[in-house]
Amino acid sequence: MAVSGNSMVPKYKDGDWLFVRWFQSTIAEISLSDVVVVERGERPGIFLIKRIQKKHGDIYWVEGDNSESSDSRTWGWIPKNEIVGKVLFRFRKGKK
């Protein structure tokens, strides 16, 4: 998956490529500070990269590394079914 935008700067930059483990029907093991892919129920097909900051039962607080990111600071807690993948590693955008 390609990074588009600046919500995870400085960790991931616009144009980087991410190798993602996509979840089928249930979330695999995720921990605090993991970077995950979120698909909000009201925006199907739009995949957002966020970091797990807090967990409370089956709900999660996710934030982008950039403080101007659209994330739980705006949305509030999200249900676990909106977490659809986990970022495993990045291919850094090449220099031109």
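Guide: What follows is a look at strand S2 and its two partners.

This is a predicted model, in which local features need pLDDT of at least 70, side-chain atom pairs count only at pLDDT 80 or more, and totals for chains, interfaces and linings use all residues. Residues are numbered from 1 along each chain as its sequence is written, and side-chain values use heavy atoms, with hydrogens and water left out.

Strand S2 covers residues 35–38; a strand here is a DSSP run of E with at least two residues, numbered from the N terminus. In a regular strand the side chains alternate between the two faces of the sheet. In S2, Val35 and Val37 lie on one side and Val36 and Val38 on the other, and all are buried, so both faces are covered (buried means under 20% relative accessible area, with a 1.4 Å probe and protein chains only).

S2 has strand S3 (residues 48–56) as an antiparallel partner, joined by four bridges. Strand S6 (residues 83–91) also runs antiparallel to S2, with three bridges between them. Two strands pair if DSSP finds at least two bridges between them.

Val38 takes part in both pairings: its bridge partner in S3 is Leu48, and its bridge partner in S6 is Ile83.

Leu48 also belongs to the lining of the largest pocket, along with residues including Phe47, Ile49 and Lys50. A pocket is an open set of points on a 1 Å grid over the protein atoms alone, where a 1.4 Å probe fits, with protein on both sides within 12 Å along at least five of seven lines; lining residues have an atom within 4 Å of a point.

Methods. Buried < 20%, exposed > 50% of the residue type's maximum accessible area, 1.4 Å probe, protein only.
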